[in-house]
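Good morning, and thank you for making time for this presentation. Please have the sequence and the model open as I speak.

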Amino acid sequence: MTDAELAAHLAEVTGRLLTEVRSSGVLSLKALGKAGDAVANQFLCHALREQRPGDALLSEEEKDNLDRLAASRCWIVDPVDGTREYGEARSDWAVHVALAVNGAAALGAVALPGLGKVLRSDQPVVVPPAPDVLRMVVSRTRPAPVAQAVAASLGAELVPMGSAGAKAMAVILGQADIYLHAGGQYEWDSCAPVAVALAHGLHASRIDGSSLIYNQADTYMPDLLICRKDHAAVVLDRIAALKPG
C-alpha cells in the first residue's frame, strides 16, 4: 500500500474496531471511552510500526518519544477524536491517521464511522458550493468566543458539532463552510483533518494566517481555520479586527 492507502485503511479498520467495542454492550460510558482509546491506539501503533518501521510516530494515547524530532516523516494519529461523542453513540466522532513530512501535513485520512465514511487525501471529492448564508461549525459544548464573534460579523449560522475531525470534514461534505477553532488543540487533533482539507483545495492555517507546522517538540496547537479559499481572507480579516489595538 502507498502511504495514503495505508492511512485510509488503518482509519477505516480502527473505526470498525471501535464500533464493535461500543456495540458489545458490556461497558459503561466512562469505561467505554477508555477501552475504545486503548484498543484503537494499540492497533494503530502496532500496525504503523510494522508497516512503516523507519518512520516516527506521535499518538495522543502514547507516551511521546522526542526522538521523532530527528525524523523527516512522522505519523500523527488520534485513535478516537471525540471520545465523548463516541461513547454517546453520536455520529460526530472520528479516527485520524496522518503523515507529516518535514513539518507539513502531507497526507492522511479521517474516518467518520458513524456516517460510514472515510475521507482521504488521495481521493478528493467535490466540495459542494457555499450557500448564501454561511455556516460556521463550532464546538457543541464550548464554542470559542472568537468563532462566535466572527460568525456574528459575517451573519453566519452556528452549527454545533463534536470532534475536530467531524467539524473539518463537515466543510468538505457541505454541512458547513467555516471551521474556526481557538482555545486549545494538539497536533493529533488537526494533522489528518488538515491533510485531507488541503487535498480538497481548502484553506487551512492558524487563525493569524500562519502555516500549521507539525512534529514539533511542543505539540500544543491552540487554533485552526479551515474553510474554502475564497472565504479565507475575509475570515482572517475579521479575526484580526477583534484583536485589541
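This is a predicted model: local features need pLDDT of at least 70, side-chain atom pairs count only at pLDDT 80 or more; totals for chains, interfaces and linings use all residues.

I begin with helix H7, on the side where Asp230, Ala233, Asp237 and Ala241 are exposed. Exposed here means over 50% relative accessible area, buried means under 20%, and partly exposed lies in between, with a 1.4 Å probe and protein chains only. Residues are numbered from 1 along each chain as its sequence is written, and side-chain values use heavy atoms, with hydrogens and water left out. Helices (H or I, at least four residues) and strands (E, at least two) are DSSP runs, numbered from the N terminus.

H7 covers residues 229–241, which makes 13 residues. From its first C-alpha to its last it reaches 19 Å, close to the 18 Å expected at 1.5 Å a residue; the expected span is 1.5 Å times one less than the number of residues. Which residues of H7 are buried? They are His231, Ala232, Val235, Leu236 and Ile239. Seen down the axis of H7, these buried residues fall within an arc of 130 degrees, so they line one face of the helix. The arc is taken from the directions between the helix axis and the C-beta atoms. What covers the buried residues of H7? The cover includes helix H4 (145–154) together with the strands E8 (178–182), E9 (203–205) and E10 (223–227). Contact means heavy atoms within 4.5 Å.

I turn now to strand E4, residues 104–112. Seven of its nine residues are buried, so E4 is largely enclosed by the rest of the structure. Strand E3 (residues 94–101) runs antiparallel to E4, and seven bridges join the two. Two strands are said to pair if DSSP finds at least two bridges between them. Within this pairing, Ala98 stands opposite Gly108 in E4. E3 and E4 form a hairpin with two residues between them.

E4 also pairs with strand E5 (residues 117–120), again in the antiparallel sense, over four bridges. Here the bridge partner of Ala111 is Val118 in E5. The hairpin of E4 and E5 has four residues between the strands, and Gly116 takes a positive phi near 70 degrees.

Two residues deserve attention for their backbone angles. Asn102, in the loop between E3 and E4, has a positive phi of about 55 degrees although it is not a glycine. Asn102 is exposed, with a relative accessible area of 64%. Ala89, also not a glycine, has a positive phi of about 60 degrees. Ala89 is found in the loop between helix H3 (83–87) and E3, and at 54% relative accessibility it counts as exposed.

Is Ser121 buried or exposed? Ser121 is buried, with a relative accessible area of 14%, and its place is in the loop between E5 and strand E6 (135–139). Leaving aside residues up to four places away in sequence, Ser121 touches Ala4, Leu107, Gly108, Ala195, Val196 and Ala199.

I close with the charged pairs. How many salt bridges does the structure hold? It holds 14, a salt bridge being a side-chain nitrogen of Lys or Arg within 4 Å of a carboxyl oxygen of Asp or Glu.

One of them joins Asp3 to Arg73, the closest N and O atoms being 3.0 Å apart. Asp3 lies in helix H1 (residues 3–23) and Arg73 in strand E2 (residues 73–81), so the pair ties together parts that are 70 residues apart in sequence. Asp3 counts as buried at 17% relative accessibility, whereas Arg73 is partly exposed at 24%. Asp3 and Arg73 also belong to a network of salt bridges that links them with Arg52 and Asp55.

A further salt bridge connects Arg140 and Glu85, with the closest N and O atoms 2.9 Å apart. Arg140 is in the loop between E6 and H4 and Glu85 in helix H3, so this pair ties together parts that are 55 residues apart in sequence. Glu85 counts as buried at 8% relative accessibility, and Arg140 is partly exposed at 26%.

Finally, the side chains of Asp64 and Arg68 meet in a salt bridge of 2.7 Å, N to O. Arg68 is buried at 2% relative accessibility, while Asp64 is partly exposed at 34%.
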